Amino acid sequence: MRYVIVGNSAAGLAAVESLRAAAPGAEITLVAAEEGPAYSRVLTSCYLAGQVPEERLFLVDEGFYRSRNVETLFGRAAVGLAAGENLLLLSDGTQLAFDRLLVATGASPQRLTVPGADLPRVFTLRTRADAEAIRQAARGAQRAVVVGGGMVALKAAEALCALGLAVTMVVSSPRLLSQLLDPATADLVLHRLEQPGLTVLLRENVAEIQGDGRAAQVVTDRGRELPCDLVVVGKGVRPNVEWLGGSGVAVNRGALVDERLRTSRPGVYAAGDAAETWDAAWEERRVNALWSNAVEQGRVAGLNLASPSGASLAYPGSLAENSLHWGDLSLIAVGCVHPPADDPRYRVYTRQDGDRFYRRLVFREGRLVGAALLGDVRGAGVLRSLIRSAAGGWEERAADLLSPSLSYGRLYRHLAAALRPA
Ligand SMILES: Cc1cc2nc3c(=O)[nH]c(=O)nc-3n(C[C@H](O)[C@H](O)[C@H](O)COP(=O)(O)OP(=O)(O)OC[C@H]3O[C@@H](n4cnc5c(N)ncnc54)[C@H](O)[C@@H]3O)c2cc1C
């Protein structure tokens with residue numbers, strides 16, 4: 001069998017490992033647009049902040065691919081799949097024949113479309129090269145504007161604050177982390193982030209970026225002028241699936257996959273940020289663009305690629321699992337934290353102690369489907385396990401689950417039954 005994996009990051013690397021373990025003699029080719037061994041995108045903001053050296057970003061070295069007997073084609077992009085023939089087309093004109101292929105091309109940052117969006121010193125943060133470019137620009141700089149209020153925007157803002165820059169965040173939604181959090185939790189996060197050097201402007205959009213030869217000022221739709229030395233845009237990501245147009249792979253936001261991570265084109269699988277998978281908490285297909293989901297999907301896809309039927313293992317579904325640690329703020333949010341207000345199937349329980357302790361649990365028809373913990377995040381693992389287990393019967397124990405002393409030990413008897421494999 002000839003296997004081709006497109007993408008050399010969380011999903012692609014996990015697939016290489018599981019595929020090679022399951023198919024020791026298989027021919028495996030790994031294609032990636034970026035050069036060099038795989039590295040952690042999660043750490044790019046820490047690298048930007050100067051908290052980790054460049055060499056610690058790398059997950060593997062060149063020897064990794066040799067030792068797994070994987071042929072690497074780095075520095076060239078996949079541009080299409082031939083119709084009717086199992087051929088992957090690359091940007092340099094190469095055509096690669098395959099029997100089974102994994103799409104693990106991840107996602108790219110959304111860009112602004114306002115005037116000045118393409119000026120030098122307007123950055124996004126996704127790659128090692130992005131982090132390096134922002135780092136260079138931040139040398140000697142004093143003021144930065146970060147556009148967006150999601151996780152990557154917050155991590156970029158934190159890194160720039162750590163470098164001593166005064167940072168203004170321009171956030172179009174009425175709260176931070178609007179895709180993730182309910183208004184109450186988001187308000188507490190905002191309150192806890194208030195600090196010298198950080199300004200957060202909510203309900204405000206960038207209208208224009210001005211500058212002579214490089215970004216020097218952001219103008220918002222309220223007419224506010226924000227002089228700056230650099231701009232970082234963190235407005236979410238879009239799966240890298242344009243190259244699949246006309247290939248027979250059905251795409252919504254990401255490449256649509258079934259529970260075996262197979263796309264609609266026979267022999268073609270997808271995993272990671274490029275894939276739209278079943279979400280175990282929301283019970284619908286979603287792109288949960290997170291490292292942990294990408295690794296697990298890559299592992300499962302690799303095993304399915306290797307199996308004769310192509311479908312040996314079911315993927316249990318992704319979960320939105322986000323954490324933020326900034327100064328003394330800790331936040332963990334898992335699953336469906338902000339359900340639709342008008343859906344009577346959901347019930348929400350909270351416990352709060354000032355702005356230092358806040359917990360929120362979301363039940364749908366008696367089953368725990370979401371949790372947010374702010375301040376003391378102990379017990380997050382228990383709640384995650386319960387969300388994953390999909391067991392009912394926990395709503396009457398909501399008060400126990402909201403307790404700061406929640407632990408596996410405390411609820412052992414009940415948990416053992418709930419978490420026992422069926
Ligand atoms: C600053 C930052 C902080 C983050 N923090 C967290 C965190 O704390 N926790 C968490 O869970 N997640 C975090 N994430 C998200 C996480 O990094 C992604 O979910 C993860 O990288 C997805 O892995 P992936 O393998 O699907 O794709 P990617 O990491 O995007 O990799 C895609 C791969 O495909 C290649 N590629 C792309 N297009 C093509 C093409 N056309 N042809 C060939 N190759 C191509 C790329 O070169 C790359 O090798 C963070 C991301 C960023 C940017």
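Two residues are in contact here if their C-beta atoms, placed from the backbone, lie within 7 Å. In that sense Gly106 touches Gly7, Ser9, Asn240, Gly272, Asp273 and Ala274, with residues up to four places away in sequence left out of the count. The model is predicted, and the domain assignment of its chain gives domain 1 (2-41 + 57-108 + 238-306), domain 2 (122-233) and domain 3 (339-419).

**Domains and the shell around the ligand**

- The centres of domain 1 and domain 2, taken over C-alpha atoms, are separated by 32 Å, and each of these two domains supplies at least three residues to the shell around the ligand.
- The ligand is surrounded by 35 residues, of which Gly7, Ser9, Arg41, Gly106 and Gly272 are the closest.
- The elements that give two or more residues to this shell are helix 1, strand 2 (27-32), helix 2 (44-48), helix 5 (151-162) and helix 7.
- Sorted by class, the shell around the ligand consists of 19 nonpolar, eleven polar and five charged residues.

**Gly106, one of the closest residues to the ligand**

- Gly106, which is among the residues closest to the ligand, sits in the loop between strand 7 (100-103) and strand 8 (107-109).
- Gly106 is classed as buried because 29 other C-beta atoms lie within 10 Å, where the cut-off for a buried residue is 20 or more.
- Gly106 and Leu415 are 309 residues apart in sequence, and their C-alpha atoms are 36 Å apart in space.

**Helix 1 against helix 7**

- The axes of helix 1 (residues 10-22) and helix 7 (residues 291-306) come within 7 Å and cross at roughly 30°, and the crossing is right-handed.
- On the side of helix 1, the residues that meet helix 7 are Ala10, Ala11, Gly12, Leu13, Ala14, Ala15, Val16, Glu17, Ser18, Leu19 and Ala22.
- On the side of helix 7, the partners are Trp291, Ala294, Val295, Gln297, Gly298, Arg299, Ala301, Gly302, Leu303, Leu305 and Ala306.
- The residues of this contact divide into 15 nonpolar, five polar and two charged.

- Ser45 lies in helix 2, and it counts as buried because 25 other C-beta atoms are found within 10 Å.
- Leaving aside its neighbours within four places in sequence, Ser45 is in contact with Leu125, Lys155, Ala156, Glu158 and Ala159.
- Ala289 belongs to the loop between strand 21 (284-286) and helix 7, and it counts as buried because it has 23 C-beta neighbours inside 10 Å.
- Ala289 and Ala275 are separated by 14 residues in sequence and, from C-alpha to C-alpha, by 8.8 Å in space.

- Most residues other than glycine have a negative phi.
- Leu177, although it is not a glycine, has a positive phi of about 50°, and its place is in the loop between strand 11 (166-170) and helix 6 (183-193).
- Arg203, also a residue other than glycine, has a positive phi near 50°, and it is found in the loop between strand 12 (198-201) and strand 13 (206-210).
- Leu177 counts as buried because it has 25 C-beta neighbours inside 10 Å, whereas Arg203 is exposed because 12 other C-beta atoms lie within 10 Å, a residue being exposed if that count is 12 or fewer.

**Ala129, an exposed residue in helix 4**

- Ala129 is found in helix 4 (residues 128-138), and it is exposed because 11 other C-beta atoms lie within 10 Å.
- Ala129 and Leu180 are 51 residues apart in sequence and, between their C-alpha atoms, 28 Å apart in space.

Terms used. Residues numbered from 1 in each chain as written. Predicted model: local features only at pLDDT ≥ 70, side-chain atom pairs only at ≥ 80, totals over all residues. Axes fitted to C-alpha atoms, helices over the stretch in contact; angles between N-to-C directions. Helix = DSSP H or I, 4+ residues; strand = E, 2+ residues; numbered from the N terminus. Left-handed = near helix turned anticlockwise from the far one by under 90°. Nonpolar A, V, L, I, M, F, W, Y, C, P; charged D, E, K, R; others polar. Near = placed C-beta within 6 Å. Domains from an automatic or database assignment.
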